[in-house]
Amino acid sequence: MTTAYDAPYEPWDSKRATEIISEHSGIEGATLVILHALQEAFGYVPEPAIPMVAEALNLSRAEVHGVFTFYHDFRKEPAGRHVLKLCRAEACQAAGGDALAAHAEARLGVAIGNTSADNRVTLEPIYCLGLCATAPSAMLDGRVVGRLDEKRLDALLAEAQR
Amino acid sequence: MSLRVFIPLDAGSVAVGADDVALALAQAAKAGNIAIDIVRTGSRGLYWLEPMVEVATSAGRIAFGPATPADVPSLLDAITGNGQHPLRLGIADEIPWLKRQTRLTFARCGITDPRSVEDYRAHGGYKGLERALTLSSDDILADVTASGLRGRGGAGFPTGIKWKTVAQAQADRKFIVCNADEGDSGTFADRMIMEGDPFVVIEGMTIAGITVGATKGYIYIRSEYPHAVIAMNAAIAAAKRAGYLGTKVGGSAHSFDLEVRVGAGAYVCGEETSLLESLEGRRGIVRAKPPLPAHKGLFGKPTVINNVLSFAAIPFILDNGAKAYADYGMGRSRGTMPIQLAGNIRYGGLFETAFGITLGELIDDIGGGTFTGRPVRAVQVGGPLGAYFPRALFDTPFDYEAFAAREGLIGHAGIVVFDDSVDMAKQARFAMEFCAVESCGKCTPCRIGSTRGVETIDKIRRDERVSENLTVVEDLCNTMKFGSLCALGGFTPYPVMSALKHFREDFGPAPARLQAAE
């Protein structure tokens with residue numbers, strides 16, 4: 001599956017942002033849809049976009065900022081070149097996920113929730129990918145991986161660090 | 001005629017290599033000049049056998065698995081030759097784990113092409129809608145009510161009553177909303193059906209629309225499910241092309257349209273009022289009830305909001321009649337439940353069966369115990385807000401009321417199995433921590449209680465005034481249970497209190513804990 005992560009992101013461009021916003025501003029309850037679209041284009045939601053969204057939807061900046069900060073998905077700065085999400089929820093905990101998370105942290109030299117110093121990998125927790133019968137699971141740039149063990153995780157980490 | 005081969009595109013199968021197997025098979029067939037037609041289906045839900053490859057024969061589909069790309073050359077020889085192979089599982093429908101099930105909702109999942117309306121119809125799809133179109137709204141409501149179907153999201157509210165309330169409401173617009181924010185760990189049935197048989201969800205929502213007089217529906221899918229988003233969007237487009245969505249649904253006078261909206265990583269949005277806020281483009285802050293969504297839901301209009309599995313159960317009921325569904329089950333839990341076996345389990349997957357099967361049968365007999373081979377110590381039923389049950393409660397039948405009587409809940413029917421290496425104080429802490437991170441912040445018991453809960457359990461784990469702090473945890477749990485606005489704060493006490501009640505030894509002084517772990 002291809003996701004936004006596979007493609008290089010566009011640099012911030014307010015004209016492009018205006019296009020994206022106007023493409024969706026006509027639908028009901030558009031805020032999340034627009035924030036998703038902006039993040040898909042730029043890799044994050046650049047701060048100058050917030051007042052633009054507010055104006056287009058006739059909302060206050062505070063309202064849009066509030067929505068933006070409520071949801072875990074939206075980034076205020078770009079992620080590393082690759083994003084590795086490790087499932088940290090109960091089914092994966094039961095299948096040895098804690099040890100794998102610690103292993104990934106040690107290998108990358110960062111705690112979960114951070115980006116490696118070389119900016120290559122952002123390591124993030126995710127609370128359930130719905131792959132609970134093939135736990136522990138992970139997602140690398142939108143690609144799902146199940147039955148994770150140390151060997152498979154090492155292969156994923158090597159791929160992410162390339 | 002070319003050979004028809006079926007390989008799942010279900011995310012759970014893809015995660016263990018289904019795409020690689022499909023690609024290798026296509027390449028090997030091309031190189032060998034063998035005409036094969038690879039159909040990407042949903043998963044049958046036997047995840048320890050994934051990726052499962054099936055080939056159509058005159059005797060039925062023969063299954064092989066779990067396959068890897070390295071197996072492809074010999075698999076190709078087998079399916080073009082005498083069919084013998086070390087990975088051969090026999091006729092798929094005859095695999096005992098599958099044969100024991102009662103698949104009403106998941107009847108087509110893993111069999112049909114989830115992108116083809118024709119295939120859906122060829123396997124009995126849209127018969128429920130066709131019958132519904134010949135009935136009055138009251139007749140459909142009578143069927144749904146008589147089926148005994150209760151909300152499969154976890155709350156178990158009778159679906160017929162919910163629909164009737166919306167049908168009777170007067171408004172210029174009404175909505176149908178499908179809650180596909182399946183955030184509970186250990187659950188994946190919504191994901192599977194959306195990826196494997198999306199039309200059954202669409203058909204169920206369409207029937208809801210014509211019953212209550214709504215012309216627009218939304219499916220709110222969590223962003224952690226990109227495969228399901230793609231599958232639902234493709235199916236909606238196909239249903240529109242085939243005249244099953246849009247104006248004149250199925251040739252009738254009714255209009256109904258569907259739109260997928262994607263969540264953004266907030267667990268609380270699985271709570272229905274929070275989901276509605278999110279759909280409206282706001283923070284997922286829980287609404288106080290009343291008013292009920294059935295009176296004032298999406299954009300303030302009467303709204304039917306149901307879980308994916310509730311909608312997916314509807315076509316069977318309309319097609320086969322309420323009695324055919326209600327004949328399954330026990331007590332007030334009628335019909336079947338798609339149960340999900342997960343975590344540290346040998347035979348994990350989706351097991352749809354009538355209510356009434358015991359927890360022990362599910363874990364030991366069907367699930368085969370743990371994957372690690374160690375003894376089962378605890379199971380969590382119903383996601384992060386569900387109770388942990390010890391082996392002593394394995395005689396509990398799978399039924400809304402039976403679980404409630406034992407201070408548990410079936411929730412969305414996910415079961416996560418833990419072996420004897422689990423530290424239950426750590427799991428109790430995680431429940432509080434998860435609630436603290438995911439709380440929408442509106443009500444104090446949930447917002448503050450969960451944070452205090454983490455701190456207090458940490459003190460217990462450090463052996464600070466253990467018995468006093470245990471009293472504090474119990475007190476906090478009581479406040480959260482009775483004082484929270486929604487199930488997030490209200491149900492977090494279930495895992496915490498059940499861990500305390502059934503696994504008290506894990507909360508004792510450190511030396512005892514260490515001994516127990518050895």
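Q: What separates the centres of domain 2 of chain B and domain 4 of chain B?
A: In this predicted model, 35 Å lie between the two centres, taken over C-alpha atoms.

Q: What makes domain 2 of chain B and domain 4 of chain B count as being in contact?
A: Two residues are in contact if their C-beta atoms, placed from the backbone, lie within 7 Å. Nine residues of domain 2 of chain B are in contact with seven residues of domain 4 of chain B. On the domain 2 side, six residues are nonpolar, two polar and one charged.

Q: How many residues does each chain bring to the contact between chain A and chain B?
A: Chain A gives 36 residues and chain B gives 44.

Q: What makes β1 and β2 of chain B paired strands?
A: Two strands pair if at least two bridges are found between them. Six bridges join β1 (residues 3–8) of chain B to β2(B), and the two run parallel. The bridge partner of Ile7(B) in β2(B) is Arg40(B).

Q: Why is one side of β2 (36–41) and of β5 (88–91) of chain B left without a neighbour in the sheet?
A: The open sheet has five strands in the order β2-β1-β3-β4-β5 (chain B), with mixed pairing. β2 and β5 of chain B stand at its edges, each with a single partner strand, so one side of each has no neighbour in the sheet.

Definitions and conventions. Residues numbered from 1 in each chain as written. Chains lettered and ligands numbered in written order. Predicted model: local features only at pLDDT ≥ 70, side-chain atom pairs only at ≥ 80, totals over all residues. Domains from an automatic or database assignment. Nonpolar A, V, L, I, M, F, W, Y, C, P; charged D, E, K, R; others polar. Helix = DSSP H or I, 4+ residues; strand = E, 2+ residues; numbered from the N terminus.
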